[in-house]
Every structure is written in C-alpha cells, then in structure tokens.
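Visitor: Hi, could you walk me through this one? I'd like to start with the ligand.
Guide: Happy to, here it is.

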Amino acid sequence: MTIPSPTEKTLYARLGGYDVIAAVVDEFSQTFSTDARMARFVSAMNLERRKRNRQLTVDYLCAASGGPALYLGQDMKTAHEGLGIDASEWDIAMDHVQRAILKLKGPDSEGNELFALFLKLKNQIVERE
Ligand code: HEM
C-alpha cells in the first residue's frame, strides 16, 4: 500500500468522499436488483442481508480508495465462493456499475479510477466462464 504524501489526495477525497461512493453503490444496487438476469442473487437475500451487503460494499470501496474506513467483511474470494458467478453475469454487473459511475460522476478520470477498483476483482469473484 502506498501512503499518500500530504500533497497527494486520495481517490476517496478526489471522488468527493463517502456520500459520492454511497450514492454510486445505491445507484447500481437499484438497477442491478431490478435486472431479471440477476434475480437469482437478489431473491436469495432477505432485506436485512441486502442492507448489510450494501453497507459492506460502501465500506470496502471507501477503504480501497484510501478513505478513513475499516472494511470488516469477508475477503472478496470468500464472500463470493460457491455462488457460481460466471463471466457474463460479471459483465452485466460491471455494466450497472459503469452506468452508475457515469450518471453520478460523468466521464472524469476519478470515475475511471473508481471503476478500475471493481475491474481488478474479477478473478476473485468469477468462478466459471
Ligand atoms: C457479478 C458480480 C457480483 C455478484 C453477482 C455478487 C453477489 C453477491 C452475493 C449474492 C453476496 C452475498 C453472499 C452471501 O452472503 O451468501 C455478495 C456479498 C458481497 N459482495 Fe458481491 N457480488 C458481485 C460483485 C461484487 C463486487 C464487484 C464487490 C465489491 C466492490 C462486491 C462486494 C461484496 C461484499 C462486500 C459482500 C459482503 C461480504 C460479507 O458478507 O462479508 N461484490 N455478493
């Protein structure tokens, strides 16, 4: 991990902090959870579980972007092991994420950096072609 120098702002700060990250997560959670192709993931979780997942995802992204958050959830491989997520489901999910980032951040470089945090998780989350 690189420790940012005082003059170098973290991605978290450059994005606009907690509220922006939470808004991105809420936006893609909303479109993801109403996408029929993702129904098998959503219907298996009760409301409390969905809220917990949402919060842990916000925390994860705050921590991963250099913000003052401690992610207390499972590592990404453990969290998704056994769900049998395939490459096309991954692509659909990333489409929702990309649209949410574009909607809330526009086509700026911070948005791309945030998206890159998602993309690098693929090999920990996808289990089959
Ligand atoms: C195709 C993409 C994805 C699908 C279908 C998916 C689905 C799921 C499901 C169903 C769970 C609940 C597992 C359980 O409690 O039994 C879960 C947990 C979780 N996911 Fe994902 N996920 C995906 C991608 C991601 C990505 C990209 C992130 C991070 C940015 C993420 C963050 C999390 C977190 C933080 C948890 C909770 C971990 C815990 O309970 O400790 N997921 N995911």
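**Around the ligand and between the helices**

Guide: Let's begin with the shell around the ligand, where α4 supplies the largest share, five residues. Keep in mind that this is a predicted model.

Visitor: Which helices each supply at least two residues of that shell?
Guide: Those are α4 (47-64), α5 (76-80) and α6 (87-105).

Visitor: And which residues come nearest to the ligand?
Guide: There are 18 residues around the ligand, and the ones that come nearest are L56, G73, Q74, A79 and A93.

Visitor: What classes of residue make up the shell?
Guide: The shell around the ligand has twelve nonpolar residues, five polar ones and one charged.

Visitor: Okay, stepping back. How many helices and strands does the protein have?
Guide: Eight helices and zero strands. From the N terminus on, the order of elements reads α-α-α-α-α-α-α-α.

Visitor: What does the C-alpha trace span?
Guide: About 45 × 30 × 30 Å along the principal axes of the protein.

Visitor: How does the radius of gyration fit with a compact globule?
Guide: For 129 residues, a compact globule would have a radius of gyration near 14 Å, and the protein's value of 15 Å agrees with that.

Visitor: Good. At what angle do α2 and α6 cross?
Guide: Helix α2 (residues 18-33) and α6 cross at roughly 135°, and their axes come within 8 Å. The two helices are therefore oblique to each other, and α2 passes α6 in a right-handed crossing.

Visitor: Which residues meet there?
Guide: From α2 you have V20, A23, V24, E27, F28, T31 and F32, and they meet A93, H96, V97, R99, A100, I101, K103 and L104 of α6. By class, this contact of α2 with α6 has ten nonpolar, two polar and three charged residues.

Visitor: Where does α7 sit relative to α6, and at what angle?
Guide: Helix α7 (residues 109-119) packs with α6 at an angle of about 160°, the axes being 10 Å apart.

Visitor: What meets what between α6 and α7?
Guide: On the α6 side there are M94, V97, Q98, I101, L102 and K105, meeting E110, G111, L114, F115 and F118 in α7. The residues of this contact of α6 with α7 divide into seven nonpolar, two polar and two charged.

Visitor: Last one: how do α2 and α4 pack?
Guide: At an angle of about 135°, with axes 10 Å apart. α2 and α4 are therefore oblique to each other, and their crossing is right-handed. Y18, I21, A22, V25 and S29 of α2 make the contact with R54, T57, V58, L61 and C62 of α4. In that contact of α2 with α4, seven residues are nonpolar, two polar and one charged.

Terms used
Residues numbered from 1 in each chain as written. Predicted model: local features only at pLDDT ≥ 70, side-chain atom pairs only at ≥ 80, totals over all residues. Near = placed C-beta within 6 Å. Helix = DSSP H or I, 4+ residues; strand = E, 2+ residues; numbered from the N terminus. Nonpolar A, V, L, I, M, F, W, Y, C, P; charged D, E, K, R; others polar. Axes fitted to C-alpha atoms, helices over the stretch in contact; angles between N-to-C directions. Parallel < 35°, antiparallel > 145°, perpendicular 65-115°, else oblique. Left-handed = near helix turned anticlockwise from the far one by under 90°. Contact = placed C-beta atoms within 7 Å. Rg over C-alpha atoms; globule rule 2.2 N^0.38 Å.
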